[in-house]
Amino acid sequence: MGLGGETEAPLRKIAALEKEMLSVLQKSAVDYEQEQLILESLYLMERRHYQFNPKTKSPELNDLFKEQFRKNERWLNSHENQPVNKWMLLFTGDLTSCYMVRSMAATISYGMHVRRLYERALEEDPQFALAYINLGLWRQYAPKIFGGGEERAFEEYTKAFACAKTDSEKYISSLYISQYWYEKHDAEKCADYLQIAEDTFPQSKEIPLIKKINAEGISLFTYNRNQSGVDNDN
């Protein structure tokens, strides 16, 4: 079955943007190989947003993630004692999260690697809101024995909110803070942060969904866990 029209259009746009950006990169790049990997990773993550379906398998998408993951890791291993761009660390962490296999041993091994990548990104930029957000999500679903747990995740979300420089960073961090308070049964604080997110992006399609699932007794964290198949083992 082919992709629906609603999916085909953004995928074509992503492919066109990637082609355009990569075509001019060589003339403007300071570190061409690293910047190429960053752009490839960015557009692959965007493609996944439209193409990933947890109920079906996509061999093509899986192969693309496997290939990009290995390319990024080869580059990182060959530049172990050199400065690394924070975006390279962030996107490699994201790719690894998506690529991880589901066996317990591999999940633990790759999972700890993901955490370290986000931590390294924050060492490069202690005000990197997206790294705090992603580290928070890592902690949200990781067992407490390995550094996870909702309280530690909440700390990362609040750090992200405090140093947010863009509307996207403010929006995402306030959404996750709202859901922390939802799970703590603090309706007022949940509503306050959800309103911040809605004021930031009034046309968001996520907020009506969050309000709907919250009304049904489900947090966004639980909803996402159910969609992805992540085990709840804290």
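Tutor: We will take cysteines, aromatic rings, charges over rings and a pocket in turn. Keep in mind that this is a predicted model.

Student: How many disulfides does the structure hold?

Tutor: In general, a disulfide is a covalent bond that joins the sulfur atoms of two cysteines. Here the count is 0.

Student: Is C163 buried or exposed?

Tutor: Burial is read from relative accessible area, and buried means under 20%. C163 has a relative accessibility of 7%, so C163 counts as buried.

Student: What about C190: buried or exposed?

Tutor: C190 has a relative accessible area of 8%, so C190 is buried too. The residue belongs to helix 9, which covers residues 187–200. Its C-alpha atom is 4.2 Å from that of S178, although C190 and S178 are 12 residues apart along the chain.

Student: How do I read a pair of aromatic rings?

Tutor: Such a pair is described by two values, the distance of the centres and the angle of the planes. This structure holds 11 aromatic pairs. In one of them, F154 and Y180 have ring centres 3.8 Å apart and planes at 15 degrees, and the pair is stacked.

Student: Which parts does the pair of F154 and Y180 tie together?

Tutor: F154 is in helix 7 (residues 150–162) and Y180 is in helix 8 (residues 167–183), so the pair links parts that are 26 residues apart in sequence. F154 and Y180 are both buried.

Student: Which residues form one aromatic cluster?

Tutor: W87, F91 and F128 do. The ring of F128 also has the charged end of K86 over it, 4.5 Å from the ring centre.

Student: Where does the charged end of K189 sit?

Tutor: That charged end sits over the ring of W181, at 4.2 Å from the centre of the ring.

Student: Now the second largest pocket. What is its volume, about?

Tutor: The volume of the second largest pocket is about 200 Å³. Helix 1 (5–28), helix 2 (32–51) and helix 3 (59–78) are the elements that each give two or more residues to its lining. Among the lining residues are L11, E18, Y43, R47, Q68 and K71.

Student: How many residues of each class are in that lining?

Tutor: The lining of the second largest pocket has 6 nonpolar, 5 charged and 1 polar residues. Its charged residues include E18, R47 and K71.

Notes: Residues numbered from 1 in each chain as written. Predicted model: local features only at pLDDT ≥ 70, side-chain atom pairs only at ≥ 80, totals over all residues. Heavy atoms only, no water. Disulfide = S-S within 2.5 Å. Buried < 20%, exposed > 50% of the residue type's maximum accessible area, 1.4 Å probe, protein only. Phe/Tyr/Trp six-rings, centres within 6.5 Å; stacked < 30°, edge-to-face > 60°. Helix = DSSP H or I, 4+ residues; strand = E, 2+ residues; numbered from the N terminus. Lys NZ or Arg CZ within 6 Å of the ring centre and 35° of its normal. 1 Å grid on protein atoms, 1.4 Å probe; cavity = no way out; pocket = protein on both sides within 12 Å on 5 of 7 lines; lining within 4 Å. Points joined across faces, edges and corners; volume = space filled by probe spheres on them.
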